[in-house]
Amino acid sequence: KVFVDGQMISLRPKEFDLLYFLARNEDIVFSRNDLLEKVWGYSYAGDDRTVDTQVKMIRHALGPYRKFIVTYRGVGYKFEAEK
């Protein structure tokens, strides 16, 4: 379960998996291909833009905390909570 300011938010299973993976590996930048392998599994044959779509949906659900998922243009994404 994911809570934002005390309210449970609804995430699809793969959105949850991606958020969980990024949060557990805070401050590590992962390429789209890395995320596809680690979250979707090696056999995933989809487009790497799938990751972008999932990140967009997670950011929307996180509202004011969307900034915790940082984009590294041309590289990938990382989770970076406020210190």
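Colleague: Which residue follows α2, and is its phi positive or negative?
Modeller: Gly-41 follows α2, and its phi is positive, near 100°. Keep in mind that this is a predicted model.

Colleague: Stay with α2. Which of its residues are buried?
Modeller: Arg-32, Leu-35, Leu-36, Val-39 and Trp-40 are buried in α2.

Colleague: Where do they sit around the helix?
Modeller: Look down the axis of α2. The buried residues fall within an arc of 105°, so they line one face of the helix.

Colleague: And what covers them?
Modeller: The cover includes α1, β3 (30–31), α3 and β5.

Colleague: Let's move to the core. How many residues does the largest nonpolar core have?
Modeller: That core has 21 residues. Among those with the most contacts inside it are Leu-18, Leu-35, Val-51 and Ile-69.

Colleague: Which elements each supply at least two residues of it?
Modeller: β1 (2–4), α1 (13–24), α2 (32–40), α3 (49–62) and β5 (76–79) do.

Colleague: Why would such residues gather?
Modeller: As a general point, in soluble globular proteins nonpolar side chains tend to be buried together.

Colleague: Pick Leu-18. What does it touch?
Modeller: Leaving aside residues up to four places away in sequence, Leu-18 touches Leu-35, Val-39, Trp-40, Val-51, Gln-54, Val-55 and Ile-58. Of these, Leu-35, Val-39 and Trp-40 are buried residues of α2.

Colleague: New topic. What order do the strands of the open sheet have?
Modeller: The order is β3-β5-β4, in a sheet of three strands with antiparallel pairing.

Colleague: Which strands stand at the edges?
Modeller: β3 and β4 (69–72) do. Each has a single partner strand, so one side of each is left without a neighbour in the sheet.

Colleague: How many bridges join β3 to β5?
Modeller: Two bridges join them, and the strands run antiparallel. To find one on the structure, look for Phe-30, whose bridge partner in β5 is Tyr-77.

Colleague: What lies across that sheet?
Modeller: α1 lies across β3, β4 and β5. The helix runs at about 70° to β5.

Colleague: Now charges. How many salt bridges are there?
Modeller: The count comes to six. The general idea is that side chains of opposite charge can pair when their charged atoms come close.

Colleague: What does Asp-17 pair with?
Modeller: Asp-17 meets Lys-14 in a salt bridge, at 3.6 Å, N to O. The two are three residues apart in helix α1, which means they are separated by about one helical turn.

Colleague: Is Asp-52 buried or exposed?
Modeller: Asp-52 counts as buried, at 15% relative accessibility. Arg-49 is partly exposed, with a relative accessible area of 48%.

Colleague: Which residues are linked in a network of salt bridges?
Modeller: Asp-27, Lys-78 and Glu-80 are linked that way. Between Lys-78 and Glu-80, the closest N and O atoms are 2.9 Å apart.

Colleague: Buried or exposed for Lys-78?
Modeller: Lys-78 is buried, with a relative accessible area of 9%. Glu-80 counts as partly exposed, at 31%.

Conventions. Residues numbered from 1 in each chain as written. Predicted model: local features only at pLDDT ≥ 70, side-chain atom pairs only at ≥ 80, totals over all residues. Heavy atoms only, no water. Core = buried A, V, L, I, M, F, W, Y, C linked by side-chain atoms within 4.5 Å. Buried < 20%, exposed > 50% of the residue type's maximum accessible area, 1.4 Å probe, protein only. Helix = DSSP H or I, 4+ residues; strand = E, 2+ residues; numbered from the N terminus. Contact = heavy atoms within 4.5 Å. Salt bridge = Lys/Arg side-chain N within 4 Å of Asp/Glu carboxyl O. Arc of directions from axis to C-beta. Pairing = 2+ DSSP bridges. Axes fitted to C-alpha atoms, helices over the stretch in contact; angles between N-to-C directions.
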